Amino acid sequence: MARIQSLTARELMTTDVETVSPDDDVSEVLGRLARADFNGFPVVDEDDAVVGIVTQHDLVGLFQTKDRTLWIPVGFPPFLETLTYAVDISWDDLDLGIDLLRNTNRPIREVMTEDVVTVAPEASLDEILDLLADEERDINRLPVVEDGGLVGIVARQDVIRAIRDERREGGAS
């Protein structure tokens, strides 16, 4: 386990990062999330600077009220895809259709989290673990920023995979 303790964000990160722009609309990002195998995107400006992060929770929360379930279609109209997200709605909410249309056309800048926790490429495994284990923030991924621009992302699964691989290598010798 000695090698794993020396890992840095640069060694753990994925460099092919899917991002969204602050001007992308909610429906477009919901559609991308429906096809992705993760649940959020860093939001970057034209200079590749991280200006926010947007997650499933941020987006689905736009449509959440109290009593019943609604499957949110993507593409208003035609409904080309249906997301696998269910949200609660009240059948008494006569403005639901208007709310859906209003929210899907909103820019991501209005719903993203602006206070993004990032790390430098040199961040140690211990620093990364402390951030990912922070129960108050519930962080699943850490954008890696160097010289003001996004260079990668470290997800919880990247850290778990590295620990698993290290254990396997240690057990094989």
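The model is predicted, and its chain has 173 residues, of which buried residues make up 40%. Seven helices and six strands form the secondary structure, and along the sequence they follow the pattern α-α-α-β-β-α-β-β-α-α-β-β-α. Among contacts in the chain with a separation of 6 or more, 60% are between residues 24 or more positions apart.

**Nonpolar cores**

- In soluble globular proteins, nonpolar side chains tend to be buried together.
- The largest nonpolar core in this chain has 17 residues, and the members that touch the most others are Ala9, Leu12, Ile128, Leu142, Val154 and Val159.
- At least two residues of this core come from each of helix 2 (9-12), helix 6 (125-132), strand 5 and helix 7, with helix 6 giving the most, three residues.
- A further core, which lies apart from the largest one, has 12 residues, including Phe41, Val43, Ile108 and Met112.
- Once its neighbours within four places in sequence are set aside, Leu142 is in contact with Val117, Val119, Ile128, Leu131, Leu132, Gly152, Ile153 and Val154.

**Aromatic pair**

- One aromatic pair is found in the structure, and its members are Phe38 and Phe41, whose ring centres are 5.4 Å apart.
- The planes of these two rings stand at 90 degrees, so the pair is classed as edge-to-face, a term that applies to angles over 60 degrees.
- Phe41 counts as buried because its relative accessibility is 0%, whereas Phe38, at 27% relative accessibility, counts as partly exposed.

**Largest pocket**

- The largest pocket holds about 450 Å³ of space, and of the 16 residues that line it, those nearest its centre are Ile53, Thr55, Arg137, Asp138 and Ile139.
- Strand 2 (50-55), helix 4 (56-60) and strand 5 (141-146) are the elements that give two or more residues to this lining, and helix 4 provides the largest share, with three residues.
- Sorted by class, the lining of the largest pocket consists of five nonpolar, six polar and five charged residues.

**Second largest pocket**

- About 350 Å³ of space lies in the second largest pocket, which is also lined by 16 residues, with Phe38, Arg141, Ile153, Ala155 and Gln157 the closest to its centre.
- Two or more residues of the lining of the second largest pocket are given by each of strand 1 (40-44), strand 6 (149-155) and helix 7 (156-172), and helix 7 gives the most, with three residues.
- The lining of the second largest pocket divides by class into five nonpolar, five polar and six charged residues.

**Val60**

- Val60 belongs to helix 4, the element that gives the largest share of the lining of the largest pocket.
- With a relative accessible area of 13%, Val60 is buried, because the cut-off for that class is under 20%.
- The C-alpha atom of Val60 is separated by 9.9 Å from that of Val26, although the two residues are 34 residues apart along the chain.

Technical notes. Residues numbered from 1 in each chain as written. Predicted model: local features only at pLDDT ≥ 70, side-chain atom pairs only at ≥ 80, totals over all residues. Heavy atoms only, no water. 1 Å grid on protein atoms, 1.4 Å probe; cavity = no way out; pocket = protein on both sides within 12 Å on 5 of 7 lines; lining within 4 Å. Points joined across faces, edges and corners; volume = space filled by probe spheres on them. Helix = DSSP H or I, 4+ residues; strand = E, 2+ residues; numbered from the N terminus. Nonpolar A, V, L, I, M, F, W, Y, C, P; charged D, E, K, R; others polar. Buried < 20%, exposed > 50% of the residue type's maximum accessible area, 1.4 Å probe, protein only. Core = buried A, V, L, I, M, F, W, Y, C linked by side-chain atoms within 4.5 Å. Contact = heavy atoms within 4.5 Å. Phe/Tyr/Trp six-rings, centres within 6.5 Å; stacked < 30°, edge-to-face > 60°.
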